[in-house]
Amino acid sequence: MEEKTLFTVAVFAENHVGLMNQLSIILTRRCINMESISASRCSIPDVSKVTFTCYSDRLTMDKIVKQIEKRIDVLRAFLYTDDDIVYQEVALYKVPTARLLDEQHLEEIIRSHGARILEITRDNTIIEKTGHSDETEALFEELKRYDIGQFVRSGRVAITKSPIEHVDRFLVEQEQRRLRVNEI
């Protein structure tokens with residue numbers, strides 16, 4: 001059996017209701033769990049980019065990407081490994097302000113992890129850490145002993161290392177195909 005790898009899937013789609021449900025159904029049928037997910041508009045007008053990660057083998061993920069591309073709203077979907085992309089996540093941590101003031105080690109931990117303080121109130125301090133999931137998890141593990149109140153991490157956001165945007169090339173090809181059909 002092939003070893004499971006963490007894959008990142010980037011889905012470019014028209015911004016319509018129901019895409020997340022369709023993606024969920026495709027993955028659920030194959031018993032694949034999304035490890036992280038993020039969605040936002042992208043550089044192309046009226047197009048959204050959904051980025052999700054999951055563990056699987058290459059063959060299964062290739063099949064999943066082909067299924068995703070069959071969806072009407074989907075323009076293109078791309079499959080990447082960590083070597084193909086630059087990616088980050090954002091994590092937020094809430095710790096009691098009293099602990100921050102009383103424990104000098106806490107400030108050292110925050111600095112050593114390259115985190116920053118976003119907000120300080122009488123009751124709580126909100127800390128932000130940007131990085132890969134292992135980095136945000138490492139800070140979480142260290143903050144546990146300081147009565148961490150809340151912890152949340154975003155889904156992965158990623159861009160390719162490629163000098164071109166593959167979905168742009170696809171859209172140009174589609175437009176050229178459309179123009180040839182109209183000429184006939």
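Trainee: At what relative accessibility does arginine 153 count as partly exposed?

Mentor: The general idea first: buried means under 20% relative accessible area, exposed means over 50%, and partly exposed lies in between, with a 1.4 Å probe and protein chains only. Arginine 153 has 31%, which places this residue in the partly exposed class. Keep in mind that this is a predicted model, where local features need pLDDT of at least 70 and side-chain atom pairs count only at pLDDT 80 or more, while totals for chains, interfaces and linings use all residues. Residues are numbered from 1 along each chain as its sequence is written, and side-chain values use heavy atoms, without hydrogens and water.

Trainee: With which residue does arginine 153 form a salt bridge?

Mentor: A salt bridge here is a side-chain nitrogen of Lys or Arg within 4 Å of a carboxyl oxygen of Asp or Glu. For arginine 153 the partner is glutamate 89, with the closest N and O atoms 3.3 Å apart. The two residues belong to distant parts of the chain, arginine 153 to strand β8 and glutamate 89 to strand β5, 64 residues apart. As for the labels, helices (H or I, at least four residues) and strands (E, at least two) are DSSP runs numbered from the N terminus. Glutamate 89 is buried, at 6% relative accessible area. Through salt bridges with shared partners, Glu89, Glu137 and Arg153 form one network.

Trainee: How many salt bridges does the rule give?

Mentor: The count is 11. One of them joins the side chains of aspartate 82 and arginine 156, at 2.8 Å from N to O. Aspartate 82 sits in the loop between β4 (74-80) and β5, and arginine 156 in the loop between β8 (150-153) and β9, so this pair ties together parts that are 74 residues apart in sequence. Look at the accessibility too: arginine 156 is buried at 3%, whereas aspartate 82 is partly exposed at 28%. Another salt bridge brings together the side chains of glutamate 103 and arginine 99, at 3.2 Å. Glutamate 103 is partly exposed, at 27%.

Trainee: How much space lies in the largest pocket?

Mentor: On a 1 Å grid over the protein atoms alone, a pocket is an open set of points with protein on both sides within 12 Å along at least five of seven lines, a cavity is a set where a 1.4 Å probe fits but cannot get out, and lining residues have an atom within 4 Å of a point. Points are joined across faces, edges and corners, and the volume is the space filled by probe spheres set on them. The largest pocket holds about 270 Å³. It has 16 lining residues, and the closest to its centre are Glu35, Ser36, Thr53, Glu89 and Ser133. Two or more lining residues come from each of β2, β3, β5 and α5 (133-143), and β2 gives the largest share, three residues.

Trainee: How do the lining residues of the largest pocket divide by type?

Mentor: The scheme counts Ala, Val, Leu, Ile, Met, Phe, Trp, Tyr, Cys and Pro as nonpolar, Asp, Glu, Lys and Arg as charged, and the others, Gly among them, as polar. The pocket lining has four nonpolar, six polar and six charged residues.

Trainee: Which residues other than glycine have a positive phi?

Mentor: Among them are cysteine 31, with phi near 55°, and aspartate 46, at about 65°. Cysteine 31 lies in the loop between α1 (19-29) and β2 (34-41) and is exposed at 75%. Aspartate 46 is in the loop between β2 and β3 (47-56) and is exposed at 71%.

Trainee: Which residues form a nonpolar patch on the surface?

Mentor: Val90, Leu92, Leu118 and Val152 do, with about 280 Å² of accessible area together. Leucine 92 belongs to strand β5 (residues 85-96) and is partly exposed, at 32%. Areas come from the Shrake-Rupley method with a 1.4 Å probe, and for residues only the protein chains shown count as cover. Patches take residues with over 30% relative accessible area and no salt bridge, joining like charges within 9 Å and nonpolar side chains (Val, Leu, Ile, Met, Phe, Trp, Tyr) within 5 Å.
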